[in-house]
Amino acid sequence: MSALRTAVAGGLAVALLAGTCPAAPPAVRVVVSKNLELFSVLAALADGPVPPGGSAAPAGRFEAWRGHRAVAFAGRLLRQRGRNSLARLALRLSDLPEARPLDPSVPSAFRALLRRAVPAIRDFARVSDFETYWAERRPALESWASAAERALAGIPLVAALEDLFGASSAEYRMVYAPLMERLRTGDMRNGPGGEEATVVFGPREGLEDGGRPVGRRLAVDVALLEFSRLRVYGLVDRHARSFKRLSPLRLRAEAEAGATGPRKPWRAFSIDNLTAAVQAHLAAGLFGEDAGADLLARVHADDVLAPALRAGLAEYGRDRGRYPDLDAFLPVLLSRLERDGAGRRPAAGP
(Lines give C-alpha, C1' and ligand atoms only; values in the text may rest on other atoms or scores of the structure.)
Protein backbone atom coordinates (compact mmCIF):
# COMPACT_ATOMS: atom_id res chain seq x y z
CA MET A 1 0.00 0.00 0.00
CA SER A 2 1.42 3.44 -0.95
CA ALA A 3 2.18 6.04 1.68
CA LEU A 4 -0.73 8.14 0.43
CA ARG A 5 -3.22 5.29 0.66
CA THR A 6 -1.90 4.45 4.12
CA ALA A 7 -2.48 8.04 5.24
CA VAL A 8 -5.92 8.09 3.68
CA ALA A 9 -6.88 4.79 5.27
CA GLY A 10 -5.72 6.05 8.63
CA GLY A 11 -7.78 9.21 8.26
CA LEU A 12 -10.87 7.25 7.33
CA ALA A 13 -10.38 4.93 10.27
CA VAL A 14 -10.34 7.93 12.60
CA ALA A 15 -13.54 9.19 10.97
CA LEU A 16 -15.25 5.81 11.46
CA LEU A 17 -14.35 5.83 15.15
CA ALA A 18 -15.76 9.33 15.63
CA GLY A 19 -19.08 7.89 16.77
CA THR A 20 -17.48 6.29 19.84
CA CYS A 21 -14.69 8.79 20.61
CA PRO A 22 -14.82 12.52 21.34
CA ALA A 23 -14.92 14.45 18.08
CA ALA A 24 -11.50 15.78 17.09
CA PRO A 25 -11.17 19.28 15.63
CA PRO A 26 -11.42 19.29 11.82
CA ALA A 27 -8.09 18.96 10.05
CA VAL A 28 -9.09 21.94 7.90
CA ARG A 29 -10.85 24.80 9.66
CA VAL A 30 -13.44 26.88 7.82
CA VAL A 31 -13.59 30.36 9.35
CA VAL A 32 -15.23 33.72 8.78
CA SER A 33 -13.41 37.02 8.45
CA LYS A 34 -14.71 40.45 9.38
CA ASN A 35 -11.93 42.09 7.38
CA LEU A 36 -12.63 40.03 4.29
CA GLU A 37 -16.32 40.93 4.43
CA LEU A 38 -15.44 44.62 4.74
CA PHE A 39 -12.95 44.49 1.87
CA SER A 40 -15.50 42.59 -0.20
CA VAL A 41 -18.02 45.39 0.36
CA LEU A 42 -15.42 47.91 -0.84
CA ALA A 43 -14.70 45.79 -3.91
CA ALA A 44 -18.39 45.50 -4.76
CA LEU A 45 -18.83 49.28 -4.51
CA ALA A 46 -15.68 49.91 -6.59
CA ASP A 47 -17.07 47.67 -9.34
CA GLY A 48 -20.10 49.93 -9.84
CA PRO A 49 -23.72 50.03 -8.65
CA VAL A 50 -24.56 46.84 -6.77
CA PRO A 51 -27.51 45.02 -8.41
CA PRO A 52 -30.35 43.91 -6.11
CA GLY A 53 -29.74 40.19 -6.81
CA GLY A 54 -26.60 38.08 -6.95
CA SER A 55 -23.91 37.25 -4.45
CA ALA A 56 -22.87 40.89 -3.85
CA ALA A 57 -26.39 42.09 -3.01
CA PRO A 58 -25.75 42.63 0.75
CA ALA A 59 -23.19 45.31 -0.16
CA GLY A 60 -26.02 47.38 -1.63
CA ARG A 61 -26.85 48.85 1.77
CA PHE A 62 -23.55 50.81 1.53
CA GLU A 63 -24.38 52.59 -1.77
CA ALA A 64 -24.46 55.99 -0.05
CA TRP A 65 -20.71 55.70 0.64
CA ARG A 66 -19.62 54.76 -2.90
CA GLY A 67 -17.63 58.01 -3.16
CA HIS A 68 -15.61 57.32 -0.01
CA ARG A 69 -11.82 57.33 -0.35
CA ALA A 70 -11.65 53.75 0.94
CA VAL A 71 -13.69 52.64 -2.10
CA ALA A 72 -11.30 54.58 -4.34
CA PHE A 73 -8.37 52.74 -2.74
CA ALA A 74 -10.05 49.39 -3.30
CA GLY A 75 -10.70 50.32 -6.93
CA ARG A 76 -7.04 51.19 -7.53
CA LEU A 77 -5.87 47.94 -5.99
CA LEU A 78 -8.41 45.96 -8.03
CA ARG A 79 -7.19 47.57 -11.26
CA GLN A 80 -3.51 47.17 -10.45
CA ARG A 81 -3.38 43.81 -8.65
CA GLY A 82 -6.82 42.17 -8.79
CA ARG A 83 -9.23 40.73 -6.21
CA ASN A 84 -6.74 38.13 -5.02
CA SER A 85 -4.41 40.80 -3.67
CA LEU A 86 -7.30 42.63 -2.01
CA ALA A 87 -8.38 39.42 -0.26
CA ARG A 88 -4.85 38.61 0.92
CA LEU A 89 -4.44 42.14 2.24
CA ALA A 90 -7.61 41.73 4.32
CA LEU A 91 -6.28 38.55 5.93
CA ARG A 92 -2.84 39.95 6.73
CA LEU A 93 -4.37 42.44 9.17
CA SER A 94 -5.99 41.95 12.53
CA ASP A 95 -9.68 42.81 12.50
CA LEU A 96 -10.66 46.42 11.94
CA PRO A 97 -10.63 48.85 13.61
CA GLU A 98 -7.21 47.74 14.98
CA ALA A 99 -5.87 46.58 11.58
CA ARG A 100 -2.43 45.55 12.84
CA PRO A 101 -0.10 43.68 10.42
CA LEU A 102 -0.07 40.02 11.50
CA ASP A 103 3.07 38.82 9.72
CA PRO A 104 6.42 40.28 10.89
CA SER A 105 7.94 39.41 7.51
CA VAL A 106 5.64 41.79 5.58
CA PRO A 107 7.80 43.77 3.09
CA SER A 108 8.35 47.47 3.68
CA ALA A 109 6.42 48.40 0.51
CA PHE A 110 3.42 46.50 1.82
CA ARG A 111 3.64 48.31 5.15
CA ALA A 112 3.68 51.64 3.31
CA LEU A 113 0.53 50.62 1.46
CA LEU A 114 -1.14 49.76 4.76
CA ARG A 115 -0.24 53.11 6.29
CA ARG A 116 -2.07 54.87 3.47
CA ALA A 117 -5.05 52.53 3.25
CA VAL A 118 -5.95 51.61 6.82
CA PRO A 119 -7.06 55.07 8.04
CA ALA A 120 -9.42 55.39 5.06
CA ILE A 121 -10.88 51.91 5.56
CA ARG A 122 -11.26 52.51 9.28
CA ASP A 123 -13.16 55.72 8.56
CA PHE A 124 -15.44 53.94 6.05
CA ALA A 125 -16.32 51.33 8.64
CA ARG A 126 -17.15 54.07 11.14
CA VAL A 127 -19.30 56.35 8.98
CA SER A 128 -21.17 53.47 7.30
CA ASP A 129 -21.87 51.69 10.61
CA PHE A 130 -20.24 48.52 9.34
CA GLU A 131 -20.22 47.10 12.88
CA THR A 132 -24.03 46.85 12.90
CA TYR A 133 -23.96 45.18 9.47
CA TRP A 134 -21.34 42.69 10.64
CA ALA A 135 -23.31 41.83 13.77
CA GLU A 136 -26.30 41.00 11.56
CA ARG A 137 -24.30 39.19 8.88
CA ARG A 138 -21.92 37.12 11.00
CA PRO A 139 -24.34 34.42 12.25
CA ALA A 140 -25.24 33.34 8.69
CA LEU A 141 -21.57 33.17 7.68
CA GLU A 142 -20.65 31.18 10.78
CA SER A 143 -23.50 28.75 10.11
CA TRP A 144 -22.21 28.16 6.56
CA ALA A 145 -18.65 27.74 7.83
CA SER A 146 -19.74 25.17 10.42
CA ALA A 147 -21.62 23.20 7.77
CA ALA A 148 -18.56 23.28 5.51
CA GLU A 149 -16.33 22.00 8.32
CA ARG A 150 -18.72 19.12 8.91
CA ALA A 151 -18.75 18.33 5.18
CA LEU A 152 -14.93 18.17 5.11
CA ALA A 153 -14.36 16.50 8.46
CA GLY A 154 -14.36 12.93 7.13
CA ILE A 155 -11.98 13.67 4.24
CA PRO A 156 -8.27 13.33 5.20
CA LEU A 157 -7.15 16.33 3.17
CA VAL A 158 -4.21 17.33 5.34
CA ALA A 159 -2.82 13.79 5.50
CA ALA A 160 -2.95 13.52 1.70
CA LEU A 161 -1.38 16.93 1.11
CA GLU A 162 1.42 16.54 3.62
CA ASP A 163 2.23 13.02 2.47
CA LEU A 164 2.62 14.15 -1.14
CA PHE A 165 4.63 17.29 -0.53
CA GLY A 166 6.60 16.01 2.46
CA ALA A 167 5.94 19.34 4.19
CA SER A 168 3.50 20.53 6.81
CA SER A 169 1.87 23.71 8.07
CA ALA A 170 0.83 24.51 11.62
CA GLU A 171 -2.67 25.38 10.47
CA TYR A 172 -4.91 24.97 7.42
CA ARG A 173 -7.78 27.43 7.07
CA MET A 174 -10.44 28.11 4.47
CA VAL A 175 -12.24 31.46 4.40
CA TYR A 176 -15.49 31.90 2.50
CA ALA A 177 -15.94 35.26 0.69
CA PRO A 178 -19.62 35.20 -0.34
CA LEU A 179 -19.52 38.67 -1.93
CA MET A 180 -16.61 37.79 -4.28
CA GLU A 181 -18.00 35.38 -6.83
CA ARG A 182 -15.55 32.81 -8.30
CA LEU A 183 -12.67 34.09 -6.16
CA ARG A 184 -9.87 31.56 -5.62
CA THR A 185 -6.63 32.49 -3.88
CA GLY A 186 -4.40 31.52 -0.98
CA ASP A 187 -1.74 32.85 1.32
CA MET A 188 1.09 31.58 3.50
CA ARG A 189 2.10 33.58 6.53
CA ASN A 190 4.05 33.08 9.72
CA GLY A 191 1.81 32.85 12.77
CA PRO A 192 2.52 32.36 16.48
CA GLY A 193 2.53 28.56 16.09
CA GLY A 194 4.36 28.39 12.76
CA GLU A 195 3.42 28.53 9.11
CA GLU A 196 -0.29 29.04 8.40
CA ALA A 197 -1.84 28.08 5.07
CA THR A 198 -5.03 29.95 4.18
CA VAL A 199 -7.32 29.49 1.19
CA VAL A 200 -9.93 32.12 0.28
CA PHE A 201 -12.83 31.29 -2.03
CA GLY A 202 -16.06 32.79 -3.26
CA PRO A 203 -19.35 31.35 -4.55
CA ARG A 204 -19.09 29.02 -7.52
CA GLU A 205 -21.27 26.40 -9.15
CA GLY A 206 -21.05 22.90 -7.74
CA LEU A 207 -20.07 23.92 -4.21
CA GLU A 208 -23.53 24.13 -2.68
CA ASP A 209 -26.71 22.10 -2.64
CA GLY A 210 -29.60 24.30 -1.58
CA GLY A 211 -27.25 26.57 0.32
CA ARG A 212 -25.41 23.72 2.08
CA PRO A 213 -21.72 23.05 1.32
CA VAL A 214 -21.03 19.99 -0.83
CA GLY A 215 -18.09 18.20 0.74
CA ARG A 216 -16.50 16.42 -2.22
CA ARG A 217 -16.56 19.36 -4.62
CA LEU A 218 -15.45 21.71 -1.86
CA ALA A 219 -12.55 19.37 -1.07
CA VAL A 220 -11.48 18.74 -4.67
CA ASP A 221 -12.24 22.00 -6.46
CA VAL A 222 -11.15 24.36 -3.69
CA ALA A 223 -9.08 22.76 -0.92
CA LEU A 224 -6.91 20.42 -3.00
CA LEU A 225 -6.42 23.02 -5.71
CA GLU A 226 -5.47 26.02 -3.60
CA PHE A 227 -3.56 24.32 -0.76
CA SER A 228 -1.54 22.52 -3.45
CA ARG A 229 -0.90 25.74 -5.33
CA LEU A 230 0.59 27.34 -2.21
CA ARG A 231 3.24 24.59 -2.15
CA VAL A 232 3.75 24.54 -5.92
CA TYR A 233 4.84 28.20 -6.00
CA GLY A 234 8.02 27.37 -4.12
CA LEU A 235 8.68 24.17 -6.07
CA VAL A 236 8.51 25.95 -9.42
CA ASP A 237 10.79 28.75 -8.23
CA ARG A 238 13.37 26.32 -6.84
CA HIS A 239 13.41 24.33 -10.10
CA ALA A 240 13.00 27.26 -12.47
CA ARG A 241 15.73 26.19 -14.90
CA SER A 242 14.25 22.72 -15.33
CA PHE A 243 10.78 24.13 -15.97
CA LYS A 244 12.13 26.64 -18.50
CA ARG A 245 13.79 23.80 -20.42
CA LEU A 246 10.33 22.30 -21.01
CA SER A 247 9.41 25.18 -23.35
CA PRO A 248 9.81 23.15 -26.60
CA LEU A 249 7.76 20.35 -25.08
CA ARG A 250 5.10 22.82 -24.08
CA LEU A 251 4.86 24.24 -27.61
CA ARG A 252 4.56 20.77 -29.13
CA ALA A 253 1.90 19.69 -26.61
CA GLU A 254 -0.11 22.88 -27.16
CA ALA A 255 0.01 22.38 -30.94
CA GLU A 256 -1.14 18.77 -30.62
CA ALA A 257 -3.97 19.85 -28.30
CA GLY A 258 -5.07 22.62 -30.67
CA ALA A 259 -4.51 25.28 -28.02
CA THR A 260 -5.29 28.83 -29.14
CA GLY A 261 -5.02 32.28 -27.62
CA PRO A 262 -2.17 34.08 -25.86
CA ARG A 263 0.37 31.93 -24.06
CA LYS A 264 0.98 32.29 -20.34
CA PRO A 265 4.43 33.29 -19.04
CA TRP A 266 6.54 30.21 -18.29
CA ARG A 267 6.16 30.57 -14.50
CA ALA A 268 2.35 30.83 -14.56
CA PHE A 269 2.17 27.95 -17.05
CA SER A 270 4.42 25.77 -14.88
CA ILE A 271 2.48 26.56 -11.68
CA ASP A 272 -0.87 25.84 -13.31
CA ASN A 273 0.22 22.55 -14.88
CA LEU A 274 1.97 21.15 -11.80
CA THR A 275 -0.92 22.24 -9.56
CA ALA A 276 -3.41 20.54 -11.90
CA ALA A 277 -1.36 17.33 -11.83
CA VAL A 278 -1.10 17.37 -8.02
CA GLN A 279 -4.82 18.12 -7.64
CA ALA A 280 -5.79 15.24 -9.95
CA HIS A 281 -3.34 12.85 -8.27
CA LEU A 282 -4.68 13.63 -4.80
CA ALA A 283 -8.31 13.50 -5.94
CA ALA A 284 -7.72 10.04 -7.40
CA GLY A 285 -6.13 8.87 -4.15
CA LEU A 286 -9.00 10.16 -2.04
CA PHE A 287 -11.99 9.42 -4.26
CA GLY A 288 -10.87 6.91 -6.91
CA GLU A 289 -9.25 7.05 -10.31
CA ASP A 290 -12.32 8.48 -12.05
CA ALA A 291 -12.13 11.59 -9.87
CA GLY A 292 -8.62 12.39 -11.10
CA ALA A 293 -9.46 11.78 -14.76
CA ASP A 294 -12.66 13.83 -14.46
CA LEU A 295 -10.74 16.75 -13.00
CA LEU A 296 -8.21 16.89 -15.83
CA ALA A 297 -10.98 16.72 -18.43
CA ARG A 298 -13.48 19.03 -16.70
CA VAL A 299 -11.19 21.75 -15.38
CA HIS A 300 -7.68 21.41 -16.80
CA ALA A 301 -8.07 20.70 -20.51
CA ASP A 302 -5.77 23.66 -21.27
CA ASP A 303 -3.03 22.43 -18.92
CA VAL A 304 -1.40 20.34 -21.61
CA LEU A 305 1.49 18.95 -19.53
CA ALA A 306 -0.66 18.02 -16.52
CA PRO A 307 -1.39 14.41 -17.66
CA ALA A 308 2.31 13.63 -18.07
CA LEU A 309 3.18 15.28 -14.77
CA ARG A 310 0.44 13.31 -13.07
CA ALA A 311 1.82 10.04 -14.47
CA GLY A 312 5.16 10.90 -12.88
CA LEU A 313 3.50 11.60 -9.53
CA ALA A 314 2.05 8.08 -9.55
CA GLU A 315 5.56 6.67 -9.82
CA TYR A 316 6.77 9.01 -7.09
CA GLY A 317 4.08 7.59 -4.80
CA ARG A 318 5.34 4.04 -5.40
CA ASP A 319 9.00 4.83 -4.62
CA ARG A 320 9.03 7.07 -1.56
CA GLY A 321 12.02 5.24 -0.13
CA ARG A 322 14.21 6.96 -2.74
CA TYR A 323 12.38 10.28 -2.76
CA PRO A 324 11.36 11.57 0.69
CA ASP A 325 9.47 14.55 -0.70
CA LEU A 326 8.27 16.01 -3.97
CA ASP A 327 11.10 18.52 -4.01
CA ALA A 328 13.57 15.62 -4.26
CA PHE A 329 11.65 13.85 -7.02
CA LEU A 330 10.81 16.84 -9.19
CA PRO A 331 14.20 17.11 -10.99
CA VAL A 332 13.90 13.45 -11.98
CA LEU A 333 10.37 13.92 -13.27
CA LEU A 334 11.18 17.07 -15.24
CA SER A 335 14.29 15.58 -16.85
CA ARG A 336 12.26 12.55 -17.97
CA LEU A 337 9.58 14.76 -19.46
CA GLU A 338 12.23 16.74 -21.32
CA ARG A 339 13.77 13.54 -22.62
CA ASP A 340 10.68 11.46 -23.42
CA GLY A 341 8.01 14.03 -24.32
CA ALA A 342 4.64 14.82 -22.77
CA GLY A 343 2.71 12.17 -24.62
CA ARG A 344 4.48 9.18 -23.03
CA ARG A 345 4.72 7.90 -19.49
CA PRO A 346 8.12 8.68 -17.90
CA ALA A 347 10.66 5.88 -18.25
CA ALA A 348 11.23 3.43 -15.42
CA GLY A 349 14.75 4.53 -14.56
CA PRO A 350 16.50 7.86 -14.09
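The structure is a predicted model, in which local features need pLDDT of at least 70 and side-chain atom pairs count only at pLDDT 80 or more, while totals for chains, interfaces and linings use all residues. Residues are numbered from 1 along each chain as its sequence is written, and side-chain values use heavy atoms, with hydrogens and water left out.

Helices (H or I, at least four residues) and strands (E, at least two) are DSSP runs numbered from the N terminus, and two strands pair if DSSP finds at least two bridges between them. Four strands form an open sheet in the order E1-E2-E4-E3, and their pairing is mixed. Strand E1 (29-31) and strand E3 (184-191) stand at the edges with a single partner strand each, so one side of each is left without a neighbour in the sheet. E3 pairs with strand E4 (residues 194-201) in the antiparallel sense over eight bridges, and Thr-185 stands opposite Val-200 in E4.

Helix H7 (157-165) and helix H8 (215-238) each supply at least two lining residues, the largest share, three residues, coming from H7. Helix H7 is mostly covered, as seven of its nine residues are buried (under 20% relative accessible area, with a 1.4 Å probe and protein chains only). Gly-166, whose phi is positive, near 65°, follows H7.

Rings of Phe, Tyr and Trp (its six-membered ring) pair if their centres lie within 6.5 Å, and planes under 30 degrees apart count as stacked, over 60 as edge-to-face and the rest as tilted. By this rule the count comes to ten aromatic pairs. Phe-62 and Phe-124 form a tilted pair, at 6.0 Å centre to centre and 35° between the planes. Phe-62 lies in the loop between helix H2 (34-46) and helix H3 (69-80) and Phe-124 in helix H5 (residues 108-127), so the pair ties together parts that are 62 residues apart in sequence. Both Phe-62 and Phe-124 are buried.

How values were computed: Buried < 20%, exposed > 50% of the residue type's maximum accessible area, 1.4 Å probe, protein only.
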